[in-house]
Amino acid sequence: MAQVTLKGSPVQVNGALPAPGSQAPDFTLVAEGLADKSLKDFAGQRKVLNIFPSVDTPTCASSVRAFNEKAGQLDNTVVLCISADLPFAQARFCGAEGLENVKSLSTLRGREFHTNYGVEIADGPLAGLTARAVVVLDENDTVLHAQLVGEIADEPSYDEALAVLK
């Protein structure tokens, strides 16, 4: 169990973030059209998992926009934006913002993702959602970078996350 903060108040997070050098746990989450998508569906590509509570908050929306902008510059890389939002809300946000370089996945199903990736908020007002984290995987799903953001209201370190892909 880890601890982060939400606007300065301590929040417990269940599970452990996958460590660099380890094999990423498989997952099946919900994509646009309510289709199941697993980690295996992105085989052979490098993956940036942008994990956050909800796209309907300013910091989460900023992270999706930032990764969308930076993703277009990366070869053989897919950015997966993972939140508890329903696929309809994720699609509405990305469509309204013109974001085409990211793919959204919902934890509507596949809730074991929360603990397998060490991002399940265990208490506080956001209990049951995911903490903010970034996990970067190579083409073989080996973890290259993992960051559990210490303050949920802060953006992740984009430069550190993407540096491992250069």
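Analyst: Strands β9 and β10 form a hairpin with five residues between them. In the turn, Asp 141 has a positive phi of about 65°. This is a predicted model, so local features need pLDDT of at least 70 and side-chain atom pairs 80 or more, while totals for chains, interfaces and linings use all residues. Residues are numbered from 1 along each chain as its sequence is written, and side-chain values use heavy atoms, without hydrogens or water.

β9 spans residues 133–137 and β10 spans 143–148. They run antiparallel, joined by five bridges. Leu 137 has Val 143 in β10 as its bridge partner. Strands (E, at least two residues) and helices (H or I, at least four) are DSSP runs, numbered from the N terminus. Pairing takes at least two DSSP bridges.

Elsewhere, an open antiparallel sheet has the order β1-β2-β8. β1 (2–6) and β8 (120–121) are at its edges with a single partner strand each, so one side of each lacks a neighbour in the sheet. Two bridges join β2 (residues 9–14) to β8. Val 13 is bridged to Ile 121 there.

The pocket has 13 lining residues (an atom within 4 Å of a point). Leu 6, Thr 57, Leu 126, Arg 132 and Ile 152 lie nearest the pocket centre. Eight of the lining residues are nonpolar, three polar and two charged. Charged means Asp, Glu, Lys and Arg; nonpolar means Ala, Val, Leu, Ile, Met, Phe, Trp, Tyr, Cys and Pro; the others are polar. Helix α1 (residues 58–71) gives the largest share of the lining, three residues.

Cys 60 is found in α1. An unreviewed UniProt entry annotates Cys 60 as "active site"; such annotations may be inferred rather than shown by experiment. Cys 60 is buried (under 20% relative accessible area, 1.4 Å probe), at 1%. Beyond neighbours within four places in sequence, Cys 60 contacts (heavy atoms within 4.5 Å) Phe 52, Pro 53, Ser 54, Val 55 and Arg 132. Arg 132 is also among the residues nearest the pocket centre.

How values were computed: On a 1 Å grid over the protein atoms alone, a cavity is a set of points where a 1.4 Å probe fits but cannot get out, and a pocket is an open set with protein on both sides within 12 Å along at least five of seven lines; lining residues have an atom within 4 Å of a point. Buried means under 20% relative accessible area, exposed over 50%, partly exposed in between (1.4 Å probe, protein chains only).
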